[in-house]
Amino acid sequence: MSVSSPSSSSAPAWPPTSSAGFPRIGSLPAYVFAQINAEKRERMDAGEDVIDLGMGNPDLGTPGHIVDELVAHAADPRHHRYSASRGIYGLREGMAEHYRDRYGVELDPETEVVVTIGAKEGIAHLMLAILGDGDTVLVPAPAYPIHTYSVVFAGGKVQTLPLADAGEGYVDADALFGAVEEACRTAESPPRVLLLSFPNNPTTLQAPAGFFERAVEVCLRNRLLLIHDFAYADFGFGEDPPSVLSVPGARDIAVEFFSMSKSYCMAGWRVGFCVGNPAMVGALTKIKSYLDYGIFQPIQIAAAHALRSGQECVGETREVYRRRAAALVGALATAGWDVAAPRATMFVWARIPQAFRAMSSIEFARHLLREANVVVSPGVGFGPEGEGHVRFALIEPESRLAEAGERIGRALARGPAED
Ligand SMILES: Cc1ncc(COP(=O)(O)O)c(C=O)c1O
């Protein structure tokens with residue numbers, strides 16, 4: 001699939017009557033979840049017990065020692081002024097220490113680390129900073145939506161690549177890198193960027209050993225910049241997910257995004273990082289200096305504290321998701337729906353059961369809502385390549401996941417009756 005930014009030739013209506021009249025906004029697809037969300041809200045308002053496994057929004061609160069650090073600094077008026085858009089030094093240094101301790105990678109907090117308002121903001125603004133009009137970015141799909149739309153917003157073109165399961169929950173590296181080579185050989189203008197993300201949302205696929213060595217080699221040979229979204233860095237249930245920056249030479253062409261949202265259950269706090277290649281980090285730092293004044297300083301101080309304190313809380317969160325994944329997969333199996341246990345992340349990615357495959361992923365998600373009061377994400381929300389699947393986010397306790405499985409089992413047993 002190829003997704004492009006809008007042409008600016010058609011003049012918007014005057015005066016504007018709808019946001020869709022503006023070329024960049026008009027080029028965005030309809031929000032696939034809108035209809036399901038509206039129906040979910042109606043049911044909840046009517047007092048029904050809806051189990052919402054739609055959005056990957058962590059339910060486990062932020063660990064107490066991190067919250068305490070925020071509270072300790074929140075009232076100090078010195079912290080109520082604008083902060084630094086690239087993040088305070090102590091936080092950038094905390095991230096550099098994290099990479100040294102965890103991956104054996106030395107980063108210069110001044111030139112190789114920038115704080116972002118979450119990984120999502122960072123990816124969007126990095127694309128704006130580094131892409132020229134019409135530049136092509138290679139994105140494996142199905143994809144987390146900002147991987148596609150950051151490119152569209154920045155005036156670039158997305159060329160999607162197949163994201164296939166090689167078995168055991170690993171991505172098919174041969175198919176993926178074969179597609180990268182093919183795209184570089186055949187594209188009208190050479191692609192400029194490869195955007196990867198493993199462990200992967202929504203597919204839960206993990207990068208096998210040696211994957212990033214190969215990625216760096218392919219990128220160097222084809223003059224591609226490499227962006228790695230590492231939002232699920234801490235959620236490998238077997239081996240620890242690898243960082244691209246541990247590969248020698250990666251820093252010449254690659255940056256990695258790390259997020260506090262999932263690892264430290266800090267999704268609402270909005271703290272992420274872009275680390276690695278100084279030219280790309282510098283470009284993002286510069287564009288951010290025009291666009292924002294940095295995150296509320298006590299949040300940055302608390303985030304640095306999270307990185308520098310004991311990391312037991314991260315392991316505990318990982319274990320919660322691992323157990324929840326097992327509970328949901330077990331409950332779905334009992335319901336007659338065989339789904340592979342994820343190797344990583346906080347999701348279960350499930351092919352729509354055979355008897356329901358005539359339905360689109362939106363229709364099937366709506367069916368689960370109406371027949372089981374369970375909300376899931378339709379796969380098409382991650383691009384056409386996600387069609388035929390739904391994604392469960394593991395954001396409810398095991399007992400609720402077991403309940404979801406039982407309700408789904410009853411709904412599946414009734415068959416695909418017309419909604
Ligand atoms: C792959 C991926 N990247 C980035 C994000 C967002 O991260 P942040 O909260 O740091 O913006 C998510 C959230 O679901 C994600 O799945």
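T204 counts as buried because its relative accessibility is 8%, where buried means under 20% relative accessible area, exposed over 50% and partly exposed in between (1.4 Å probe, protein chains only). The model is predicted, so local features need pLDDT of at least 70 and side-chain atom pairs pLDDT 80 or more, while totals for chains, interfaces and linings use all residues. Residues are numbered from 1 along each chain as its sequence is written, and side-chain values use heavy atoms, with hydrogens and water left out.

**Backbone: phi and cis bonds**

- Most residues other than glycine have a negative phi, and most peptide bonds are trans.
- T204 has a positive phi, near 70°, in a residue other than glycine.
- T204 sits in the loop between β8 and α8 (211-221). Helices (H or I, at least four residues) and strands (E, at least two) are DSSP runs, numbered from the N terminus.
- P202 lies in the loop between β8 and α8 as well. The peptide bond joining N201 and P202 is cis, with omega about 15°.
- P142 is in the loop between β4 and α6.
- R270 also has a positive phi, near 65°. R270 belongs to the loop between α9 and β11 (272-276).
- Is R270 buried, partly exposed or exposed? R270 counts as partly exposed, because its relative accessibility is 29%.

**The cavity**

- Rolling a probe the size of a water molecule over the atoms shows where empty space is left.
- The structure holds one cavity of 30 Å³ or more. On a 1 Å grid over the protein atoms alone, a cavity is a set of points where a 1.4 Å probe fits but cannot get out; a pocket is an open set with protein on both sides within 12 Å along at least five of seven lines; lining residues have an atom within 4 Å of a point.
- The volume of the largest cavity is about 40 Å³. A volume is the space filled by probe spheres set on the points, which are joined across faces, edges and corners.
- Its lining includes H147, L163, S197 and N200. Strands β4 (136-141) and β8 (193-196) are the elements that give two or more residues to this lining.
- By class, the cavity lining has six nonpolar, three polar and no charged residues. Ala, Val, Leu, Ile, Met, Phe, Trp, Tyr, Cys and Pro count as nonpolar, Asp, Glu, Lys and Arg as charged, and the others, Gly among them, as polar.
- N200 is in the loop between β8 and α8. N200 counts as buried at 5% relative accessibility.
- The side chains of N200 and T203 make a polar contact of 2.6 Å. A polar contact is a pair of N or O atoms within 3.5 Å; within protein, one must be able to donate a hydrogen and the other to accept it, and residues adjacent in sequence count only if both atoms are side-chain atoms.

**The largest pocket**

- The largest pocket holds about 1300 Å³ of space.
- Its lining has 47 residues, and K120, Y144, P145, I146 and F382 lie nearest its centre.
- Helix α6 gives the largest share of this lining, six residues.
- The lining divides into 26 nonpolar, 15 polar and six charged residues.
- Why does the largest pocket lie between domain 1 and domain 2? Domain 1 (23-61 + 313-413) and domain 2 (65-308) both give residues to its lining, so it lies between them. Domain bounds come from an automatic or database domain assignment.

**The second largest pocket**

- The second largest pocket has about 440 Å³ of space.
- It is lined by 26 residues, with D165, A340, W349, R351 and H389 nearest its centre.
- Strand β12 (residues 347-351) gives the most to this lining, with three residues.
- Its lining has 13 nonpolar, six polar and seven charged residues.

**Other sites**

- G383 is buried, with a relative accessible area of 17%. The C-alpha atoms of G383 and P145 are 7.7 Å apart, although 238 residues separate them along the chain.
- T160 is in strand β5 (residues 157-162).
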